[in-house]
Amino acid sequence: MSNESLHAIEGRLAVPVNDNDHLRGPADAPVSLVEYGDYQCPYCGMAYPIVEDLLRQRPDTVRYAYRHFPLTNVHPYAEPAAEAAEAAGARAMFWPAHHWLFQHQDRLDPLYLLAGIEELGLDAEAIADDLETQRYSDRVRVDLLGGMRSAVNGTPTFFVNGLRHDGGYGLADLLAAVDSAAG
């Protein structure tokens, strides 16, 4: 197999966007944007407002899915943060939790994390129990394994209509990729 063929396979999203994903945007949008991210990653933190701008500028064009890819060897609070987002998601609050986590990356240790959960109006005691029992660890692991199957090796990693976006994640770069994919 040639390097070009191998790159084409590695550059594809192994797990298509599905009902298990946390999604924003219209279901019939011409462009699916999938991000594999880590709530403690500073680069994901820089990408967060850019993705928000992109979604504001292309509201009818993009269907966005966020998937967890916690880099636990360098970010000790990434996995608990992802599990907290999933616990919030089980209570129909994934996106508010997602926003809070990125807006407070410096407050992801357990004490602040639970204070943030309370700020969102969620039952911090119930979510603390979910975190203690790792109730949502399998859900996070499913995303992580899907990312590994898609050759994700760092965060953030974006896929546009199933193909890895190897360009930058600045607003101009992502807009160009989305507009190109929209045709």
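**Note on the predicted model**

1. A search of the whole structure finds zero disulfides. C41 takes part in none, and the nearest cysteine sulfur to it, that of C44, lies 3.6 Å away. C44 is likewise in no disulfide, its nearest cysteine sulfur being that of C41 at 3.6 Å. C41 has a relative accessibility of 2% and counts as buried. C44 is buried too, at 0%.

2. Confidence. The model is predicted. The mean pLDDT of the chain is 94, and 95% of its residues reach 70 or more. Residues 1-8 have pLDDT below 50, and this stretch has four contacts in the model beyond near neighbours in sequence. Where pLDDT is low, the predicted coordinates should not be read in detail.

3. The cis peptide bond. The bond from T155 to P156 is cis, with omega near -5°. P156 sits in the loop between α7 and β4, the latter spanning 157-160. The relative accessible area of P156 is 13%, and the residue is therefore classed as buried. Which residues does P156 touch, leaving aside its neighbours within four places in sequence? The contacts are with E35, Y36, Y43, C44, A47 and Y169. One of these is C44, which is in no disulfide and is buried at 0% relative accessibility. Another is Y36: P156 and Y36 are 120 residues apart in sequence, yet their C-alpha atoms are 5.7 Å apart in space.

4. Y36. This residue is in strand β2, residues 31-37. Y36 counts as buried, with 1% relative accessibility. Y36 and A90 give another pair for reference: 54 residues apart in sequence, with 20 Å between their C-alpha atoms. For Y36 and P156, the separations are 120 residues along the chain and 5.7 Å in space, C-alpha to C-alpha.

5. Y64. Is Y64 buried or exposed? With a relative accessible area of 1%, Y64 is buried. Its place is in strand β3, which covers residues 62-68. The C-alpha atoms of Y64 and L23 are separated by 5.5 Å, although the two residues are 41 apart along the chain. Leaving aside neighbours within four places in sequence, Y64 is in contact with H22, L23, R24, L33, E35, V51, L55, W95 and H98. E35 is also among the contacts of P156.

6. Positive phi outside glycine. A92 is not a glycine, yet has a positive phi of about 60°. A92 is in the loop between α3 (78-89) and α4 (94-103). Its relative accessible area is 70%, so A92 counts as exposed. A151 also has a positive phi, near 65°, and is a residue other than glycine. The loop that holds A151 runs between α7 and β4, and P156 is placed in the loop between these elements as well. At 24% relative accessibility, A151 counts as partly exposed.

7. The largest pocket. About 230 Å³ of space lies in the largest pocket. Its lining has 14 residues, of which N18, N20, R139, V142 and D143 are the closest to the pocket centre. Which helix gives the most to this lining? It is α7, residues 137-149, with six residues. By class, the lining comprises four nonpolar, four polar and six charged residues. Rolling a probe the size of a water molecule over the atoms shows where empty space is left.

8. M148. Helix α7, the main contributor to the pocket lining, also holds M148. M148 is exposed, with 51% relative accessibility. The cut-off for exposed is over 50%, so M148 at 51% falls on the exposed side of it. M148 and F69 are 79 residues apart in sequence, and their C-alpha atoms are 8.8 Å apart in space.

Notes:
Residues are numbered from 1 along each chain as its sequence is written. This is a predicted model: local features need pLDDT of at least 70, side-chain atom pairs count only at pLDDT 80 or more; totals for chains, interfaces and linings use all residues. Side-chain values use heavy atoms; hydrogens and water are left out. pLDDT is the predictor's confidence in each residue, from 0 to 100. Contact means heavy atoms within 4.5 Å. On a 1 Å grid over the protein atoms alone, a cavity is a set of points where a 1.4 Å probe fits but cannot get out, and a pocket is an open set with protein on both sides within 12 Å along at least five of seven lines; lining residues have an atom within 4 Å of a point. Grid points are joined across faces, edges and corners, and a volume is the space filled by probe spheres set on the points. Helices (H or I, at least four residues) and strands (E, at least two) are DSSP runs, numbered from the N terminus. Ala, Val, Leu, Ile, Met, Phe, Trp, Tyr, Cys and Pro count as nonpolar, Asp, Glu, Lys and Arg as charged, and the others, Gly among them, as polar. A disulfide is a pair of cysteine sulfur atoms within 2.5 Å. Buried means under 20% relative accessible area, exposed over 50%, partly exposed in between (1.4 Å probe, protein chains only).
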